[in-house]
Structures are given as C-alpha cells and as structure tokens.
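Biologist: Hi, I've just opened this one and I'm new to it. Could you walk me through it?

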Amino acid sequence: MKIRAAVLEATHGLHHMQVLDLAPPRPGEVLVRLGASGVCRSDYNAIDGTTESPCPVVLGHEGAGVVEAVGPGVTRVVPGDHVSLSWTPSCGACEDCVRGIPQLCATVWPTMDLAGLMDGTSRLSRDGERVYHYCFLSTFAEATVVPERSCVPIPKDVPMEVAALVGCAVTTGVGAVWKTAGVRPGDRVAVIGCGGVGLSAMLAAMAVGAAPVIAVDTTQARLDAARELGATAGVLWAGSPEATAEAVREVSSGGVDYAIEATGHGEAMQAAVLSTRKRGTAVLIGIPREDVVLTVPAKTIPRMERRIIGSIYGSAYPEHDFLTTLNVYRSGRLPLEKLITHRLPLDEVNQGLELMLSGAATRVVLDTTTQGAS
Ligand SMILES: [Zn+2]
Ligand SMILES: [Zn+2]
C-alpha cells in the first residue's frame with residue numbers, strides 16, 4: 001500500500017513529506033493506522049547524529065493508532081483494536097526477559113540498531129529503495145507495520161494523543177517514579193529537567209501523594225509550566241550543581257528522598273545526587289552522551305546511605321504498565337493531556353521539532369490523520 005510519511009533524507013537534514021510503499025505485515029507483525037505521534041528528544045538524537053541512524057528513515061517512536069490488519073500467527077490484537085505502541089517489543093525468552101526486566105531485553109536492543117523490524121528487514125521502501133524504520137515504530141507516518149509485541153491494546157475512550165505519549169515520555173517519567181523508585185506518599189521529590197519526561201514524573205509523584213514536589217530547570221518558562229501543573233516550588237538552575245542542590249535542600253527542608261534527573265547532563269546528575277537527604281536516591285533517566293562521567297562526593301554515599309539508580313523506559317513492562325498508567329489517567333488523577341502544549345499536522349514535523357528544541361513546548365503531538373498540502 002501507499003502511505004504518506006515524513007522522511008529524513010540524511011543526518012542533519014530536514015523532514016520531507018513523501019509517498020512510500022508499505023509492505024503487508026509478515027508473521028508476528030501488525031499494520032497500524034496511526035492516529036497521533038509525539039515528538040520526542042530521542043527523535044532529534046537521530047537527526048543531529050547523537051545516535052547513529054541509517055537514512056533515509058521514518059522517525060517517530062511515540063505513537064498510537066488502530067489495528068488495520070495482522071500478519072500470520074498474530075494473537076494479541078485484531079483489526080479494530082486501539083493500540084499504544086511500545087518501542088521495546090521484548091522477546092519474552094532471553095535471560096533478561098525471564099528475570100523480569102523486559103525493558104533491557106537482550107534481543108530487542110541489538111535488533112533496534114538494524115533499523116528494521118525484528119528480522120532486521122524493512123517494510124518501508126520507495127521505488128524499490130529501502131527506507132529504514134526507527135525504534136521498530138516509525139510513527140511520523142499515516143500508517144506503519146510494527147512487531148506484534150509493540151502493540152498494547154488500550155480502552156477506546158482514551159484520546160489518541162494521550163495514548164501516543166504513553167508510548168514514550170509518559171512511561172519513561174511515570175515508570176521511573178512508580179516502578180524504578182517506588183515513590184510513596186509523603187516522600188519528598190525533586191524533578192530536574194521539566195520537559196515531557198520530567199513533567200510526567202512530576203505528575204506521577206503528585207498522584208501518589210509525594211510532597212513537596214520541586215521542579216528544577218534552567219528556564220523560568222518551564223518552571224512556570226511545572227508550577228501550573230502543581231509543583232510545590234520551582235528552583236532555577238543556580239549556575240553550578242552545588243548551588244542548585246543547595247537551593248533544592250533549602251525548599252525541601254534539608255534534601256529530598258528522590259531526585260529524578262531527566263536531562264542527561266552530567267552537572268544535572270551531580271545536582272540530583274547532591275539534592276538528596278540521608279537514604280535519598282538519585283534516579284537517573286536522561287541518557288548522557290558517551291563521554292559523560294559522573295563525579296560525586298564518595299564519602300556521602302556510605303555516610304548518608306545515598307543511592308544512585310538508573311531507569312530506562314520507566315522500568316516498564318508495557319503490556320501491563322501502559323494500562324495501569326491509562327487507568328489512573330482515566331480516573332482523573334494523572335492529567336496527562338496537560339503535557340500537550342502544541343498540536344500540529346504531520347506535515348509540520350519540522351516546526352514540531354523546532355518547538356521542542358527551543359523549550360517552548362512541553363510536548364508536541366502530530367496529528368497523523370490530517371491531509372496536508374504536499
Ligand atoms: Zn522518546
Ligand atoms: Zn528478551
């Protein structure tokens with residue numbers, strides 16, 4: 001079939017809308033008619049070369065849609081199901097899956113680098129030339145073919161734009177708080193970096209009764225956005241990790257139980273560790289560049305029983321955790337729709353990326369169903 005998709009021709013380039021060929025789903029694969037796609041920082045990593053990605057490629061890894069057709073042997077979904085898409089279609093059989101950490105599946109991560117589906121090949125092409133997939137999903141398009149295990153059926157009353165965000169930013173932030181850290185009522189929490197992931201973490205902390213919940217960022221606009229969502233206090237980056245942590249300790253009466261770091265910058269990670277009180281935990285979500293080294297005062301680790309833990313994709317088991325998150329959202333206690341500051345047609349993906357980079361947007365969502373002029 002023919003689909004319209006935003007194609008990145010080369011690293012450092014812009015997206016152009018093109019008509020591509022999308023091959024039918026093979027065994028274990030599903031054709032999804034997309035409803036919405038979020039624009040995520042990780043998409044930009046493929047554009048600026050932070051992560052190597054072969055081109056031409058269709059990016060986008062935060063999507064939701066409706067199942068249109070299934071390949072042979074597919075049992076999890078049927079045509080008509082609404083699905084939120086997971087970019088870790090864990091194998092369920094490797095040692096990591098069996099020991100309960102499917103987000104670190106030993107099969108998925110090396111396979112993702114092949115920029116195809118689970119067998120490494122593409123369903124996307126143009127005039128016979130291969131077009132690469134991204135994170136198995138390629139959601140900057142009208143439709144996509146994905147692994148069956150990427151498809152998580154969701155209630156039909158969930159808006160597509162919210163379901164899309166649950167596919168990446170929301171799960172990364174919410175899962176870090178609920179699953180990786182296990183934040184409890186009354187815990188003091190600081191969130192460093194108030195983009196889509198950080199604010200998702202903040203909403204999750206507030207939903208379980210953490211208090212205070214302190215937002216930390218380098219821009220006042222983002223702190224204002226965090227305050228509007230309910231943050232107890234906002235701390236502007238004070239020029240150094242030490243000064244910033246000092247300010248966090250001051251507004252939290254001596255330090256936090258959990259400092260959630262969502263930027264991936266070394267200094268922000270340092271500030272996270274220094275913001276914690278005795279028995280406090282720095283939860284590192286942001287993915288740093290290859291060469292970043294984290295330096296912390298070692299003595300305080302045993303003397304204060306400080307902890308430093310990592311979290312990828314919110315330690316999530318998407319098939320279970322997407323639904324938990326959406327059920328709390330449906331109850332009204334997790335207002336995820338408030339994360340969406342900009343809605344654009346798919347054709348305006350370049351503007352969407354710009355809005356994200358400028359810090360003007362918390363989350364940009366593309367409507368993948370609208371027909372543009374091109
Ligand atoms: Zn993402
Ligand atoms: Zn596995």
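Biologist: Where is glycine 255 found?

Modeller: Glycine 255 sits in the loop between helix H8 and strand S13. Helices here are DSSP runs of H or I with at least four residues, strands are runs of E with at least two, and both are numbered from the N terminus. Keep in mind that this is a predicted model, where local features need pLDDT of at least 70, side-chain atom pairs count only at pLDDT 80 or more, and totals for chains, interfaces and linings use all residues. Residues are numbered from 1 along each chain as its sequence is written, chains are lettered from A and ligands numbered from 1 in the order in which they are written, and side-chain values use heavy atoms, with hydrogens and water left out.

Biologist: Is glycine 255 buried or exposed?

Modeller: Glycine 255 is buried, at a relative accessible area of 0%. Buried means under 20% relative accessible area, exposed means over 50%, and partly exposed is in between, with a 1.4 Å probe and protein chains only.

Biologist: And what is glycine 255 in contact with?

Modeller: If you leave aside neighbours within four places in sequence, glycine 255 is in contact with Arg188, Arg249, Ser275, Thr276 and Arg277. Contact means heavy atoms within 4.5 Å.

Biologist: What about H8 then, which of its residues are buried?

Modeller: H8 covers residues 241-251, and its buried residues are Pro241, Thr244, Ala245 and Val248. Looking down the axis of H8, those buried residues fall within an arc of 95 degrees, so they line one face of the helix. The arc is that of the directions from the helix axis to the C-beta atoms.

Biologist: Why would residues a few places apart point the same way?

Modeller: An α-helix has 3.6 residues a turn, so residues three or four places apart point the same way.

Biologist: What covers the buried residues of H8?

Modeller: The cover includes strands S10 (189-192), S11 (213-217), S12 (233-236) and S13 (256-261), along with helix H9 (266-274). After H8 comes serine 253, whose phi is positive, near 55 degrees.

Biologist: Let's switch to the metals. What coordinates the zinc ion (ligand 2)?

Modeller: Cys91, Cys94, Cys97 and Cys105 coordinate the zinc ion (ligand 2), each through SG, at 2.3 to 2.4 Å. Donors are N, O and S atoms within 2.8 Å of the metal (3.2 Å for Na, K and Ca), and water is not among the atoms, so sites may look incomplete. Along the chain, the spacing of these donors is C-x2-C-x2-C-x7-C. Cysteine 94 lies in the loop between strand S5 (82-85) and helix H2 (95-98), and cysteine 105 in the loop between H2 and helix H3 (108-112), so the pair ties together parts that are eleven residues apart in sequence. Both cysteine 94 and cysteine 105 are buried.

Biologist: How far is glycine 255 from cysteine 94?

Modeller: C-alpha to C-alpha, glycine 255 and cysteine 94 are 40 Å apart in space, and 161 residues apart in sequence.

Biologist: Which residues hold the zinc ion (ligand 1)?

Modeller: Cys40 (SG), His61 (NE2) and Cys168 (SG) coordinate the zinc ion (ligand 1), at 2.0 to 2.2 Å. Cysteine 40 lies in the loop between strand S3 (29-39) and helix H1 (41-47), while cysteine 168 lies in the loop between helix H4 (160-166) and helix H5 (169-181), so the pair ties together parts that are 128 residues apart in sequence. Cysteine 40 and cysteine 168 are buried.

Biologist: Last one: how many helices and strands does the protein have?

Modeller: The protein has twelve helices and 17 strands. Of its 374 residues, 56% count as buried.
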